[in-house]
Amino acid sequence: MEPDYFLLQQLTRQVQDAATLEDYREAMAALTQGLNFDYFALTHHVDPRSAGEEAVHLHNYPAQWADYYARHALGICDPIHRASHVAPGGFPWARIGDYIDLTARDRHMLRLGASQGIGDGFTIPIRIEGEMPGSCTFAMRSGRPLDSAWLALAEIAGRFAFDGARRLIGRQALRLPMLGRILTRRQRDCLLWAFRGKSDWEISQILKVTEGTVKRHILNACARYRVNKRIMLLAPTLLDGTFSITEIYGYRDTSFGT
């Protein structure tokens, strides 16, 4: 079966232009079939029980599996989601092991999905600065092989589809609750050196301030993000663009013997 590019363009536009959730689901189901898949899932990688209507969480998976998945909050630890956080682009599920080390629990979860009729799949990571990560997944029913000829088209369509879902829920992004609390320059400096492994005393020597001042700046940074430990600032400050991975982990310093 060869791709019908004109049809896929029309179906993708219908998904983007959907005015209601019902219209969106129908359009998304048609697009999924047009791409030669059986199932779709668009979701922010959060627990939908706590995120509520602010999160994208739309799919047409079998009801029994969807209910089990939601009740046990499997989206938080889903190996497919975790792989999408580090994969450079869309990937077939057969390549999950290229991106993360699969645990016994991961393999069990994948077998459970297969037992509910979900076979192979293709997942497109969605990463937007300052927004919780998400993904668009297209999957086959058990017994149907994945056709690699459709994957490039699925990746393009999936990104448009996720953008349509974000628009439909009435928000430009699902923002972390602690975002928007901008750090002062000194708070940022102290936190950056702390993330690089420096002690409060070492930071005080680098910045030429007292150790007490360093502690106060970091405590104030914690307060701005509503957390009580500095380690809990690492994830949100990376997600909201305050710091970059290379800024923290790409830095090499020989001061103080470290």
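1. A residue is called buried here when its relative accessible area is under 20%, exposed when that area is over 50%, and partly exposed in between. The structure is a predicted model, and the terms should be read with that in mind. By this cut-off Trp65, at 7% relative accessibility, counts as buried, whereas Tyr68, with a relative accessible area of 29%, is partly exposed.

2. Trp65 and Tyr68 both belong to helix H4 (residues 63–71), where they are 3 residues apart, about one turn of the helix. A pair of aromatic rings is described by the distance of the centres and the angle of the planes. The count comes to 6 aromatic pairs, and one of them joins Trp65 and Tyr68, whose ring centres are 6.0 Å apart and whose planes are at 20 degrees, so the pair is stacked. Tyr69 also takes part, in that Trp65, Tyr68 and Tyr69 form one aromatic cluster.

3. Another ring has a charged neighbour: Arg196 lies over the face of Trp193, at 4.8 Å from the ring centre.

4. Helix H2 (residues 21–34) has 14 residues and reaches 20 Å from its first C-alpha to its last, which is close to the 20 Å expected at 1.5 Å a residue. Which residues of H2 are buried? They are Tyr24, Ala27, Met28, Leu31, Thr32 and Gly34. These residues cover an arc of only 155 degrees around the axis, and therefore sit on the same side of H2. An α-helix has 3.6 residues a turn, so residues three or four places apart point the same way.

5. On the other side of H2, Glu22 and Glu26 are exposed. The buried residues of H2, for their part, pack against helix H1 (5–17), strand S1 (39–44), strand S2 (57–59), strand S5 (134–141) and helix H7 (151–168). Just after H2, Asn36 takes a positive phi of about 75 degrees.

6. Side chains of opposite charge can pair when their charged atoms come close. The count comes to 12 salt bridges, and one of these is formed by the side chains of Arg144 and Asp38 (3.0 Å, N to O). Arg144 lies in the loop between S5 and H7, and Asp38 in the loop between H2 and S1, so the pair ties together parts that are 106 residues apart in sequence. Asp38 counts as buried at 10% relative accessibility, while Arg144, at 22%, counts as partly exposed.

7. Which helices does the salt bridge between Arg188 and Glu247 tie together? The side chains of Arg188 and Glu247 meet at 2.9 Å, N to O. Arg188 lies in helix H8 (residues 185–195) and Glu247 in helix H12 (residues 245–249), so the pair ties together parts that are 59 residues apart in sequence. Arg188 is partly exposed, with a relative accessible area of 25%, and Glu247 counts as partly exposed at 22% relative accessibility.

8. A further salt bridge is made by the side chains of Asp98 and Arg95 (2.8 Å, N to O). Asp98 counts as exposed, at 51% relative accessibility, whereas Arg95 is partly exposed, with a relative accessible area of 38%.

Terms used. Residues numbered from 1 in each chain as written. Predicted model: local features only at pLDDT ≥ 70, side-chain atom pairs only at ≥ 80, totals over all residues. Heavy atoms only, no water. Helix = DSSP H or I, 4+ residues; strand = E, 2+ residues; numbered from the N terminus. Expected span 1.5 Å × (residues − 1). Buried < 20%, exposed > 50% of the residue type's maximum accessible area, 1.4 Å probe, protein only. Arc of directions from axis to C-beta. Contact = heavy atoms within 4.5 Å. Salt bridge = Lys/Arg side-chain N within 4 Å of Asp/Glu carboxyl O. Phe/Tyr/Trp six-rings, centres within 6.5 Å; stacked < 30°, edge-to-face > 60°. Lys NZ or Arg CZ within 6 Å of the ring centre and 35° of its normal.
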